Every structure is written in structure tokens, then in C-alpha cells.
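Please open the model in a viewer and keep the selection panel at hand.

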Protein chains: 2
Amino acid sequence: MGVTRRDFLMRVGQAGGFGAAFLTMQHLGLMPVAAAEASRVELAAGAGTKVVILGGGIAGLVAAYEMGKAGYSCTVLEARQRPGGRNFTVRNGTKIEFADGASQTAIWEADSYFNAGPARLPSIHKTMLGYCKELGVPLEVEVNTSRSALLQNDDAFGGKAVEQRQAINDTRGHVSELLAKCIQKNALDDVLSKEDHDRMLEFLSYYGDLQKDFSYTGSERSGVEKLAGAGLDTEVLRQPLPMHALLDAKFWNGMMYEEMFDMQATMFQPVGGMDRIPYAFAEKLGDTVQYTAVVKEIRKTPKGVRVVYSKSGPDQVIEADYCICALPLTILRNIPNDFSPQVKQAISEVYYDSAYKVAWESRRFWEQDYNLYGGLGFVVKGPVNLMWYPSGKLFSEKGVLVAGYGVENQSDFGKLPSMQAKFEASRAAVEKLHPGHGKELTNPVYMNWGMMRYNLGSWVGAAPSYVKNRRSDYYDGPYKALIEADDRIYFSGDHCSHIIGWQEGAALASHRVTRMISDRVQSARLSASTTTQQA
Amino acid sequence: MGVTRRDFLMRVGQAGGFGAAFLTMQHLGLMPVAAAEASRVELAAGAGTKVVILGGGIAGLVAAYEMGKAGYSCTVLEARQRPGGRNFTVRNGTKIEFADGASQTAIWEADSYFNAGPARLPSIHKTMLGYCKELGVPLEVEVNTSRSALLQNDDAFGGKAVEQRQAINDTRGHVSELLAKCIQKNALDDVLSKEDHDRMLEFLSYYGDLQKDFSYTGSERSGVEKLAGAGLDTEVLRQPLPMHALLDAKFWNGMMYEEMFDMQATMFQPVGGMDRIPYAFAEKLGDTVQYTAVVKEIRKTPKGVRVVYSKSGPDQVIEADYCICALPLTILRNIPNDFSPQVKQAISEVYYDSAYKVAWESRRFWEQDYNLYGGLGFVVKGPVNLMWYPSGKLFSEKGVLVAGYGVENQSDFGKLPSMQAKFEASRAAVEKLHPGHGKELTNPVYMNWGMMRYNLGSWVGAAPSYVKNRRSDYYDGPYKALIEADDRIYFSGDHCSHIIGWQEGAALASHRVTRMISDRVQSARLSASTTTQQA
């Protein structure tokens, strides 16, 4: 057509405004994407273009919301009676229905809740934080780390739990002492200059809170045996935990959890439950979201897509120009479709993890008796390894404790024979961290995303060519098939991002596909107009 | 009188109930004080006993509140028109008046505020947390640590600020690598068993996020150059900061701040300002607190105390059985009194620090442009070294940034010639951490507790025999004089505790003296009744 790249960009600019040109330039690699900025979508006007969106989880809701703003005519088909997908908050009276027919109903105090799916928003998830602001969802701090939280290993310290402040700071003290010893012995003279030799000793002294002779004999950082008070009540320090015992204790995972990039402070949660987010989207979207609409067929047509669905009655059909398919791959597998062989292959290959959580209502003994507000506790041995204390409604009488969060597949927890056995394992883990308090736990709820109808899995697991290693080129396999357009069908969800298992990944994947559709609509218009001008 | 200790305890039990006996037994060292429990006062009934309390800061308010509950007839004399003392929240329209006549008025948005005195409540300060609960003061998390907060040194990294996640995790990586090198060289074979040798390497690999060869080449924990996204947007890691440069940077103080026992997560603040606490006490106390009542004389009488005070009119006199003197020692110094020579000596010897804070209203550029919510930032060089980002009203448009918090005495900041110079130093520090944003700061407020009328200091400094070393026996000097009764005068305040500069210390000191007075009242009654019985 004899249109230079510059011409093309100018025309995009004329037709779609600066935003479209800017995005196109980014896609061509002509401009850097500012690392500090949240993803924003500025889509070409979409009036007259119909999009059917499958799945009303975060990916589907974000796609509908952004395309709706640009004038596209969207319909979201959601199988459940609620929006959010895995973003699911359980409250008093909420029913959890497993695919095998088992069902549970939470019986809790009026304002108790439990985020059965995502339960935290890291500061780096700017897209989701941006939506909370845009939609008016109030956030509060999610305390993901507390130095008062506990670590426990049956094989160490007689099974007695220790505070994280103690394990973390005693470990640092010992490591500093050992390294200082080596430096004093000149064991690092090949790598440290004389100047660094001395500064390193000075640094380690501060880092590990060492004595003048570089020995570690304990630190106030590790907490105290007796708190300072008034009058003659002086503080009494703890004896340090020996390094040998700390190595035995294998508290490493628990100690370093807070340093995972997406677990680092500051983190947030919506006040009152994570589902405040999907409900805020749903309120904006109104009738765009069709609930109890179960997808039964996904077909290609010469100029678009046709989706068959049932809504507690005879099958209905919706036709559209484009489809954004934001259903879990585990569900897509069983829906008759016209996908390309590569996509079919990808969907059949991808393996899902099955994450679980167990939640109990209880008196907040962890606050009242342990001085522990929010944070995560860790149990090294046994089937239940993680304890998650509520950050909401701190200081109130009762709260919901998540006693167990992990993956069922190939895990000891997953091998337990019954829901009752799982509850007992959960209670036993609480008892390890808080002896005598296991009996305070009441009205448990068990979530297993692998058993949830319409999910059958929590997130993509270690399938070949998928999440093998977050840093390598793994997208030549199924992932690649799923991030490319299959005719007029686009896949979205956290599984189409590098942020698996997080709402941010779902939102960014939908930003991406809405841009792809918008660019395509725009290009088609431009090429139509170019053809007209040339004619 | 021939009463055995056991008899005495039994009689205390009869007269004061189990609580009194329990407390007495604790004082005699017969029972341990449970470390995990908050301090509680259960005072003997005090009807008919008059107590005058000097100073309506936390110590005075707590004393009046607890003694009031037990029926004592209390009067609090407070020089200002507000309760709280150093617990002082500045809002739009609040006037800050220095002793030299200089005055400032905050001109801020309606709900902006700045805690000019205490601004955080650690989890370990159970007494203050308990009062917040008892008085219905809502608390929220104070974010004292954020991995997105910054560290800056003019002499390192070209003066470019680095994120705390980067300094903290790269430092740990390098330390782990160096120690692993030493262990591999068998430099620690004298202290590590063969088994520990191997486990230590395994541990360091996890601790420092090392490569298989135990080298540290960077970690996702240190943050990324480019965030992971959807489609082909993979994460790009940062190059690690070299250990040599980290040693040069001297970020140690900033990096380890979060590990100080009383700075450790989880921390809190009252929603809307720290002064919600004294106002809640004041509401309970009603007329018990006399405002604008400036103490002019403190005298002993044969059976009690007499205090002269002025209340914008002719001097007034109040007589009482006991006095709790909770005024700063800097103020007591200049009030004519009948204190014992030891107390006079103590008061004259004790030296006060002069803490300052500078606060500005600004667009929350730290949140909007730096993804930074709460936490503390550190600047190594220059007069202003600490930046404190607000934890309240996160995600709102404007906020109050504390750009500078430290001690004026003998500091570079204190040597600055004028308030204007201090504001400029504060702005310059912000500019170092956030280049280009210094100009967004508006309407500054400068607090200097050493200059505040009725305070003339922030807290006891490094006076001889006082806070020389928190762990040694320093209470043989002035401290000892101040924690003993001077006839019927009892001193209270954080300076009568081992928790200097914290509200918790003030509250515990008042718990202590109210117990001492109660025990004395009780003993007097018992001894009167014993005498009667024997008669």
C-alpha cells in the first residue's frame, strides 16, 4: 500500500488521538514504557463493535470495563450468581459448593469474613491499586509481616514456637559473628581491600548487633524475656537461640517470606473483603454482566464468534465481532470449541495447581494473649505450614484465622482422607503455635480451588513450557499459543501474564488483549479509509 | 505490731479483695509478673482521699483516670488549654507557640494532621493499646517499614536514592556469599561441625538467594528494573549494588531501623491523630482536669501537699493528701518547691534532649510517583536524615510529610541559624530522595520541643546516671531519687520509667505511683484497724 511507518503512525494519531499513536509507538519499540507508571489503556473508539467476554473474574471485568469506556458493546457471560471468580469473600451465610456436590455454609458473626481467593495487594500491583482508587474501593494495610508472629518446628527448641523477631535477629547476629571471625582471620583478604576489611567489621558489628569483640551474645532486636517498665523494672534480654539450633529449625522459608518481591511491605486489602473490587466493577457494568450464564460452545464464524450458553433455560446464542475468553483453562477444556490446534493443544497440556485455605472463627487470642496483630506464622513440620492472621478489624473480639494455605497437589495436606481430617490438621497446627488455643477455633470453612465448580484449579502449575522458571524463555510452548489471537478469539486471565495467581496478572492480560482488539479495529478502519482514499 | 507477713497479706486480701493481695504479693517478690500481660492497676478504694496531679500529659491523665475509677478525689492542673502534653496533634489552624514568643499556625487541608510528639504505638506497648481499646480510640496500622522507602547518601551511587528492598537484600546477598566463601575455604572448621558446615551452606544459599556456586548475582527480592506483565513482558532484574559501594553508603542505620525492638511491625496510630488518646481520657475525666492552670508553688504540709497555681486570675491554692507530679523536670526546676535535697539535686542535674520535627503539606508524590505508602526514608549526609511518610489517609490527594525528625542538641540541624534555614534543609533532604519534588512542599510547620513553653525539652537525654545504658544499673543517681516518694509527693512521667520518650513509659510510671499511693492508703487503714482491734 506504499504507506511508510511514519505515515501509518500519523494516521493512527489522527484517527485515535495521541493515545493510540503513543501506544502504537510503544508496541513498535520506539518509546520506552515508564517502569514506574501503572498500565493504562486508551482504546480506540469502539462503537459498533460487539465483544463477548467469557468469565466475570477480574480479567473479564477489567476487559468489559475498559472496552465499555471506549464504547464497545460488551457482554460478560458469568456462570455464577456473583462476579469475581477466584476473588471470593466468604461471610456469614456464604455457601461454598464443590464440584462433587459437597457444600459448606459459613456460620460466623455478622462482619467476619475470609478472602478465600486473593487476599492481598502488594504496592507493586499498581494496576489493581489504581482500579481501587478509580472505583472508590477503600483499602487498608494488610499486615503481611509482624515481628511478633511465630515460627515452629517440632524438632527444634522442644517444639516451642519462637517469635520471628528472635529467629530473624539471632540468625543475623550469628551470621555476622561468623563472617567477622573469618575477616579477622584474614580469610577474605583475597576479595576485601584493607579498607573494606575494616569497614566490613564495623558494618557487621552494627548489622548483627555484636559486642566489641565481634561476638554475638544476644540483642534487644530479638525481643526480651521481660519488658522494661517503670521504677526498677528493667528490661531482661533473652538468651540468643544458638545458630546450630536455628539451622536445625529450618525456619528459612518463614523468615524470608517477607522478602519475596510480591510479599514485601507495604501491602493492602480492601476494607471488608477482597470482593469489594469485583462488586465495584459489577456496579459500573450493570447489565453488561450476565450471571448464571454457563458457556456451552465457543464457535468461530466468518466475521466473528458465536457463543452458546445456558441461563437456567433453553440454550441461548450470542454473536459478536470478538471474543475475550477469560475462563480457566481447566474449564475451557470441556467446552466444545473451534480453537486452533495449537490452542487446543495448549489447553490440554497446561496443568493447574489446587490451592486450599482453611479458615476458622475464633476469639482473637493471637492479639489478646500473644500481642500479635496480622502477619504470617509458619510451622515447619506437618501438613499445615502457614498461619495467616487477619489484618481487618484489629482489636475486635472475634476474627477469622486462616490456619493453612498451600497447594493440595502432591502435598501431605492433599493426602489427608477427609475434610474432617483437614480441619483437625489445621487445628493441630494452631495448637503447635498457640498451645491450648486449638479448642477456641469454631465453625471452620475449607476452600479447595481444585474442587470448585467453574474453577477446577487455582492457577497454572509447573506445566512444561509454562512457569518453569520465571526468568527464562518459557513462552514458546502453550503460553505462546494462548497469548496470540486465535482468529477473533483472545485469551485473558493471569495465565496469560507473568504474574500467575495474582489479580494484577489478570488485569494486565486484559489490558493487553483490549489493546490488541482496539489496534485491530483501528487498523481495519485505517486500511478501509486508505483503500477508500486510494480508490 | 506483731503482724506476720502472711497475716498482713490476708488482711490486705480481706480489705482490698484478691487484686490487692495479688499486687502486694507481686511487690514482695512472691509471685512472678506474667510477661505477656498488660499492666493493670487495681487500686484500693480511695474515697475520701484527695490527690492533686500536676500536668495533664499521658502520665497525669492515666493517674487521674485510674485513681478516679477507685474513688479517689483527683484534680489535674494542666497549664495549657488542651490535654496531652507532648501528645500533640497539629491540624489546620493549630497554633504552635514557642517560649520565646515565636508562633506558627498550620494552614492545611481540613483533615490533614501531623503528630508533633509521639506518632506510633508499637505492639509491645500493651498498656497504651489497652487504653485505646478501653476508651474506644480507633487504631490503624502505622506503616513503619516499607521496602519501597528510600535510602540516600551523597557519596554513594552518584547521590541517587536506592530502594530499601535493594539495599537490604543486596547486602544480605553479599554477606551470605562472603560467608559461604569462607566456609568453602574451611575457614570456620574450628567452630562448625561437618554437618553444620553443609547445612550452613544450604542455609546461606536460601538466606542470600545465592546461585548454585554460592555467588550472589542479584535477586528479585531487591526489586526489578522492569516489572513482569502480560504477554511477552517478562520481569527484568536489577544489577546488584556492589558490597563495596554499600559499605561506602553507610545505609546501616536506615537499614536496621525496623529491627529496633520498639520500632518493629506491627505498629499503630490512632485514626485521625495521636491526640485522640488524651482527648478520650479528658472526656472521661470531665472537670477533674483544670486547664490553663499554671503551677506556681509545690509545698509540703504536715498531712499532705499544698499547690499554688494561677488560672488567668489571682493565685489559687489546692490542698490534697497526695501529689502526683507529672511535669517535665525542665519545668519543675523553676517552680518553688519543698522537695527533698536529693530530688532538688536530681531535677537540677537531669539533662533533656530537644527533639524536632518538620512537617509539610504536599501532593502525595511519594505514593503517586514512587509507589511508596508509609514507611521511613533515610538520608545519610546533611542535617536532615529521616523522612516519615504518613500512614493515615493513604491514597488520598494530599498528605503531611515529616521531612526531618531528630534531636537538635549538638546536631547539625540544631546549628542552622533560623527557622527558614531549617525549612530549606528539610526541603533539600526531600529533594535528595525525590528529585524535582522539593518544590511541591507547602506550608511547613516546625516543632522543637526544647522551645515549647511548658516543655522545654522532649525527653531525658544522656544525663549522668540516667539512661547512660539501658541495660546497666543506672538508677542510683537522679533516677532513684525521682522514683521514690518524697513525703507525699510522687513523681511520674516517662522519665520515671525505663521507656523514655514513649507514652507507655508515662502510663506505666503512673500505674506504679498510683499503686504506691493506694498501698500506702491501704496500709494506713490496716494499721489503723489493727490498732483499733488491739485497743
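Begin by colouring chain A by domain: domain 1 covers 33-83 + 278-349 + 461-534, domain 2 covers 101-149 + 264-273 + 355-451, and domain 3 covers 162-249. These bounds come from an automatic or database domain assignment. Between the centres of domain 1 and domain 3 of chain A, taken over C-alpha atoms, the separation is 53 Å.

The model is predicted, so local features need pLDDT of at least 70 and side-chain atom pairs count only at pLDDT 80 or more, whereas totals for chains, interfaces and linings use all residues. Residues are numbered from 1 along each chain as its sequence is written, chains are lettered from A and ligands numbered from 1 in the order in which they are written, and side-chain values use heavy atoms, with hydrogens and water left out.

**Backbone stops**

Select A:Ala265 and A:Thr266 and display the backbone. The peptide bond joining A:Ala265 and A:Thr266 is cis, with omega about 10 degrees. A:Thr266 belongs to the loop between helix H7 (252-256) and strand S13 (267-270) of chain A. Helices (H or I, at least four residues) and strands (E, at least two) are DSSP runs, numbered from the N terminus.

Turn next to chain B, where a cis peptide bond leads from B:Ala265 to B:Thr266, with omega near 10 degrees. B:Thr266 is located in the loop between helix H7 (252-256) and strand S13 (267-270) of chain B.

Return to chain A and select A:Phe157, which is not a glycine but has a positive phi of about 55 degrees. A:Phe157 sits in the loop between strand S9 (150-152) and strand S10 (162-163) of chain A. With a relative accessible area of 25%, A:Phe157 is partly exposed; buried means under 20% relative accessible area, exposed over 50%, and partly exposed in between (1.4 Å probe, protein chains only).

A:Ser312 is the next selection: this residue, not a glycine, has a positive phi of about 40 degrees. The loop that holds A:Ser312 runs between strand S16 (304-310) and strand S17 (316-320) of chain A. Is A:Ser312 buried or exposed? Its relative accessibility is 76%, and A:Ser312 therefore counts as exposed.

**Salt-bridge stops**

Over all chains, a search of the whole structure finds 65 salt bridges, each defined as a side-chain nitrogen of Lys or Arg within 4 Å of a carboxyl oxygen of Asp or Glu.

Select A:Asp494 and A:Arg86, which form a salt bridge with the closest N and O atoms 2.6 Å apart. This pair links distant parts of the chain, 408 residues apart: A:Asp494 is in the loop between strand S26 (489-491) and helix H15 (503-534), and A:Arg86 is in the loop between strand S2 (73-77) and strand S3 (89-91). A:Asp494 is buried at 2% relative accessibility, whereas A:Arg86, at 27%, is partly exposed.

In chain B, select B:Lys69 and B:Glu66, whose side chains meet in a salt bridge (3.5 Å, N to O). B:Lys69 and B:Glu66 are separated by about one helical turn because they are 3 residues apart in helix H2 (residues 58-69) of chain B. B:Glu66 counts as buried, at 5% relative accessibility.

Proceed to helix H5 (residues 194-207) of chain B, where B:Asp198 and B:Lys194 lie 4 residues apart, about one turn of the helix. The closest N and O atoms of their salt bridge are 3.0 Å apart. B:Asp198 is partly exposed at 36% relative accessibility, and B:Lys194 is exposed at 60%.

For the last stop, select A:Arg147, A:Arg172, A:Glu258 and B:Glu259, which salt bridges with shared partners join into one network.
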